[in-house]
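Work through these exercises with the structure open. Try each task before you read its solution.

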Amino acid sequence: MNIDLNGKVALVTGGGSGIGAACVRQLVAHGASVVVADISRSNATSVAQQFGDQALAVEADVVRPEDAERMVEAAIAQFGALDIAVNNAGVGVPIKAPVGETGDDAWRRVLAVNLDGAFYCMRAQLPRMRKGGSVINLASVMGAVATEGSSSYVASKHALVGLTKTAALDYAAAGIRVNAVGAGFVDTPLLTGRNPEWLTAVAAAHPLGRLAQPDEIASAVTFLASPAASFITGAYVPVDGGYLAR
């Protein structure tokens with residue numbers, strides 16, 4: 001299987017922790033140079049400095065179109081090109097509530113990061129990406145199903161899957177692939193402080209009986225970024241421990 005990414009340049013949003021940091025590690029391990037973009041400068045720097053000249057930290061907020069542009073410019077200025085983009089930055093639901101009780105701010109914040117942010121990033125990335133490039137958007141199992149009290153998150157991830165498919169059609173002729181990964185629930189800092197009983201129930205909802213580890217999601221992302229996935233585009237790829245099989 002061809003997972004050789006030597007000479008490739010990648011950009012990972014939300015790269016300072018969790019799934020994003022795992023993606024950075026695996027992309028670098030397979031030879032890519034990586035821009036580690038994160039809203040937290042310290043987190044981005046902490047990850048990037050592990051890889052010396054092979055990684056560059058950039059502080060950026062994906063809800064700002066100018067930051068999306070600046071990330072791409074940084075990749076090209078530092079490494080000379082852009083071949084891979086992992087749009088991982090995202091937020092969860094701050095307070096679970098039925099649709100009829102969801103406030104404007106809670107709705108807008110989640111959509112702004114999870115959907116608008118991915119759009120701004122792809123709008124900046126795709127026109128500058130070299131032929132043979134690959135974009136991977138981090139969706140969720142909630143891009144295919146739903147859960148109570150999470151209207152903004154579910155809507156954002158369903159929309160992201162549709163946006164992914166549209167971008168795949170738009171850029172297929174340019175030789176650029178665009179896919180989405182439907183991650184199950186993952187053991188990341190986003191789950192820190194959650195009710196232990198809730199975590200146990202969520203883990204049990206996966207037929208494999210546990211939460212995913214960040215590296216398990218990153219492995220799928222790295223595969224989709226590589227020439228080994230050269231005929232995969234417009235796909236929604238669940239990496240969910242069987243969650244969607246039920």
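**Exercise 1.** Find what the buried residues of helix 7 pack against.

*Solution.* Start with the elements: helices (H or I, at least four residues) and strands (E, at least two) are DSSP runs, numbered from the N terminus. Next, list the buried residues of helix 7: Pro214, Ile217, Ala218, Ala220, Val221, Thr222, Leu224 and Ala225. Buried means under 20% relative accessible area, exposed over 50%, partly exposed in between (1.4 Å probe, protein chains only). Then look for their partners: helix 1, strand 4, strand 5, strand 6 and strand 7 (236-239). Contact means heavy atoms within 4.5 Å.

The model is predicted: local features need pLDDT of at least 70, side-chain atom pairs count only at pLDDT 80 or more, and totals for chains, interfaces and linings use all residues. Residues are numbered from 1 along each chain as its sequence is written, and side-chain values use heavy atoms, leaving out hydrogens and water.

**Exercise 2.** Identify the members of the largest nonpolar core that touch the most other members.

*Solution.* A nonpolar core is a set of buried Ala, Val, Leu, Ile, Met, Phe, Trp, Tyr and Cys residues joined through side-chain atoms within 4.5 Å. Helix 1 gives the most, with seven residues. Now take Val86: leaving out residues up to four places away in sequence, its contacts include Leu27, Ile136 and Val221.

**Exercise 3.** Trace the chain from strand 2 to strand 3.

*Solution.* Val34 stands opposite Ala55 in strand 3.

Technical notes
Pairing = 2+ DSSP bridges. Right-handed = clockwise from strand over helix to strand, strands pointing away.
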